[in-house]
Amino acid sequence: MVNAVILAGSDKSKSGTPYECKALIKLNDRFMIEYVLEAVCNSKYISRIVVVGPSKLEEVLKLKYPRVEFLEEDNSIMKNAKKAIEYLNSNNRILFLTSDLPFITSEAIDHFIEESIKTGADICYPIVEKSINDEKYPQMKRTYGTVKEGTFTGGNAIIINPSIFDRCYRLAEKLVEKRKNPIAMARLIGPTILLLFLTKKLSIQRVEKRVSKVFKVKAKAIISTYPEIGQDVDKDSDLMVAKFYLQKKR
């Protein structure tokens, strides 16, 4: 079994705006985080579920989701992740998800967990090919990077072995800061990776090997056929499109 952590921290840079905490944005009469909670609660492989965010989340969600445990947020994504790992105090792998994935499904989560477990890797990260995104969610804008195998976007999830977290913390923090910029991420991993990326000669296997070496872990990219795992809501335009797709799904 795998433990799940939903990172639902408020955005300190947007204090005082309606989007300070994206988890509490209403989409079709439900909070955005509820779509994530429903998918996680219905997964075949999830044991404990922890939400890290502002105290208001527990106030509005605890009665509806008694299975879920709540932690008060810190001031960064990585600190929130660390707090959750320490709180869980378990050797089970941890699935980290963001709270702004309104299309996420239990099937997408289960596929990612199943494929990750098969690899035996310490860190697994989902990627989705552009054509799959474009076919199902053509109006949702994503950041893409091109490698030998195709053009991909990253998911808003990761599975890690908690025992490797502390030694990966510093570099992971820098990568999280640059997560919307593939070139900046490639630069952090190494100049050879950056050169290969810019010349479109980079392969997924080469990235896996380099990340594994830099972090001193086994890292694998999981190609997902579920675009829902990467369709996050970042901007007002994303919010409008998300409402459209959710209404259509109804």
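Ground rules. I number residues from 1 along each chain as its sequence is written, and side-chain values use heavy atoms, with hydrogens and water left out. As the model is predicted, local features need pLDDT of at least 70 and side-chain atom pairs count only at pLDDT 80 or more, while totals for chains, interfaces and linings use all residues.

Entry, the count. I searched the whole structure for salt bridges (a side-chain nitrogen of Lys or Arg within 4 Å of a carboxyl oxygen of Asp or Glu) and found 14.

Entry, D234 and K22. I found their side chains in a salt bridge, N to O 3.3 Å. The pair links distant parts of the chain, 212 residues apart: D234 is in the loop between β11 (219-224) and α10 (236-249), K22 in the loop between β1 (2-7) and β2 (26-27). Helices here are DSSP runs of H or I, at least four residues, and strands are runs of E, at least two, numbered from the N terminus. I also noted that K22, D100 and D234 are linked in a network of salt bridges.

Entry, D232 and R142. I read 2.3 Å between the closest N and O atoms of this salt bridge. D232 is in the loop between β11 and α10, and R142, 90 residues apart from it, is in the loop between α5 and β8 (145-147). I looked up burial (buried is under 20% relative accessible area, exposed over 50%, partly exposed in between; 1.4 Å probe, protein chains only). D232 is buried at 5%, and R142 is buried at 17%.

Entry, K130 and D134. I logged a salt bridge at 2.6 Å, N to O. Both residues lie in helix α5 (residues 130-136), four residues apart, about one turn of the helix. K130 is partly exposed at 32%, as is D134 at 30%.
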